[in-house]
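Here are my notes for your next look at this chain. Have the sequence and the model open side by side while you read.

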Amino acid sequence: MTYTSTLLRSLDERGYIHQATDAAGLDALAEREIIPAYIGFDATAPSLHVGSLVQIMMLRRLQQAGHKPVVLMGGGTTKVGDPSGKDESRKLLTGDDIAANIAGIKGVFERFLTFGDGPTDAILVDNADWLDKLNYVEFLRDVGRHFTINRMLTFDSVKLRLDREQPLTFLEFNYMILQAYDFAELSRRAGVRLQLGGSDQWGNIVNGLELGRRMDGAELYGLTTPLITTADGGKMGKTAAGAVWLNADRVSPYDYWQFWRNTQDGDVVKFLKLFTDLPLDEIAQLGAMVGADINQAKIALATAVTMLLHGNEAAKAAEETARRTFAEGASDENLPSLATGGSIGIVAALTGLGFAASNGEARRKIAEGAVRVDGAVVSDPALEIVVGNEALKLSLGKKKHGLLTR
């Protein structure tokens, strides 16, 4: 459909919209008034990763269009664990673990959103504020009666486990009720009208708006993003070395920049639309590049995405480091580094820098002749590297470079 509101038109043009519960109604509402909208993030780790970035960017688009982002931290729901997309139960975290994870996550949102007390300023809330205080019997009576087991068994998050004969605990089975209750509670507390999320959250979102309507007569909306995959069908944000985290202490700005620089040709335009603020006409120009010129579009993507998360200085430093490393063969202090204590085995060095996911993969790369130390090809997987006062440059192929320090 053709949207008239700035919000939905922007989301549509940049590829964020997969499903909406009432697109026409939401479009009309977005033209009439400021919409408080939320996305929930469970605190299962001390950092979010690139897989969460499309949701963070959608909150940014919301604020850019003159609406109010609500960041919901799942201090309560993390104690239960979302079964969506999981084959087995998550490890239960302690209250201290969850608090530490939330502290590690909070700073990322401040890079993308403006927080404050204004009508369109973002706010951050924690569902532990209401979930931890629930009286179980009252909750069953007031909320549980709006859910049927028949329907809950049809949800993909439940069917996946049952079809594979994997255990689904009663604790996890309650997750969808708690998430639905979050929507109703945020509607009451903050006037939230819209929940945003990934396509795997569609059922939970619909549950929430139906619960809000039944309990309070609230008119609520839901909108999901498509599953973001790479051109070869892979999962967005996964590499051989693991997840691409958003916190700089887990993935350096240079490695983050390099992840985006290595984007496949077929993903460049899609990622420019989703993950940068570059105007659409500029994106069209970058997307028209072919052959070797497409590398300039990838550099523009990497720098723009890194700038949003780590700032202009870090993004430009990463770009310059890459230019010097690849164009001039120079080492640079901004490259990822690994302290060796004076010596290290070549296999341990490759895995330590994240260039290989396992010792076996490291040995295969050595056998392929893809590993170099200060420009010299390494052929012996048993090589012990001695590091003096000067750092040594370890390279895997043409794109991965790091420093081995004493």
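1. Ground rules. This is a predicted model, where local features need pLDDT of at least 70, side-chain atom pairs count only at pLDDT 80 or more, and totals for chains, interfaces and linings use all residues. Residues are numbered from 1 along each chain as its sequence is written, and side-chain values use heavy atoms, with hydrogens and water left out.

2. The whole chain. The secondary structure comes to 18 helices and 15 strands; helices (H or I, at least four residues) and strands (E, at least two) are DSSP runs, numbered from the N terminus. Of the 406 residues, 49% are buried, where buried means under 20% relative accessible area, exposed over 50%, and partly exposed in between (1.4 Å probe, protein chains only). Take the contacts between residues at least 6 apart in sequence: 72% of them join residues at least 24 apart. Contact here means heavy atoms within 4.5 Å.

3. Helix α3. How many of the 12 residues in α3 are buried? The count is 11, so the helix is mostly covered. The buried ones run through L53, V54, Q55, I56, M57, M58, L59, R60, R61, L62 and Q63. Note that R60 and R61 are on that list too. From first C-alpha to last, α3 (residues 53-64) reaches 16 Å, close to the 16 Å expected at 1.5 Å a residue; the expected span is 1.5 Å times one less than the number of residues. Just after α3, have a look at G66, which takes a positive phi of about 90°.

4. α12 against α15. Helix α12 (residues 253-261) packs on helix α15 (residues 294-310) at an angle of about 140°, with the axes 8 Å apart. Axes are lines fitted to C-alpha atoms, for helices over the stretch in contact, and angles run from 0 to 180 degrees between N-to-C directions. That makes the pair oblique: under 35 degrees counts as roughly parallel, over 145 as roughly antiparallel, 65 to 115 as roughly perpendicular and the rest as oblique. On the α12 side, P253, Y256, W257, W260 and R261 make the contact, and their partners in α15 include K298, I299, L301 and H310. The residues of this contact divide into nine nonpolar, four polar and two charged. For those classes, Ala, Val, Leu, Ile, Met, Phe, Trp, Tyr, Cys and Pro count as nonpolar, Asp, Glu, Lys and Arg as charged, and the others, Gly among them, as polar.

5. α13 against α14. The axes of α13 (residues 268-275) and α14 (residues 280-287) come within 9 Å and cross at roughly 160°. That makes α13 roughly antiparallel to α14. V269, L272 and K273 in α13 meet L280, I283, L286 and G287 in α14, and by class this contact has five nonpolar, one polar and one charged residues.

6. N207. Leaving out residues up to four places away in sequence, N207 touches F147, R151, F155, M176 and A180.

7. G222. This glycine sits in strand β6 (residues 221-225) and is buried, at a relative accessible area of 1%. G222 and L196 are 26 residues apart in sequence, yet 6.0 Å apart in space, C-alpha to C-alpha. Beyond four places in sequence, G222 touches Q19, A20, T21, L194, Q195, W202, I205 and L209.
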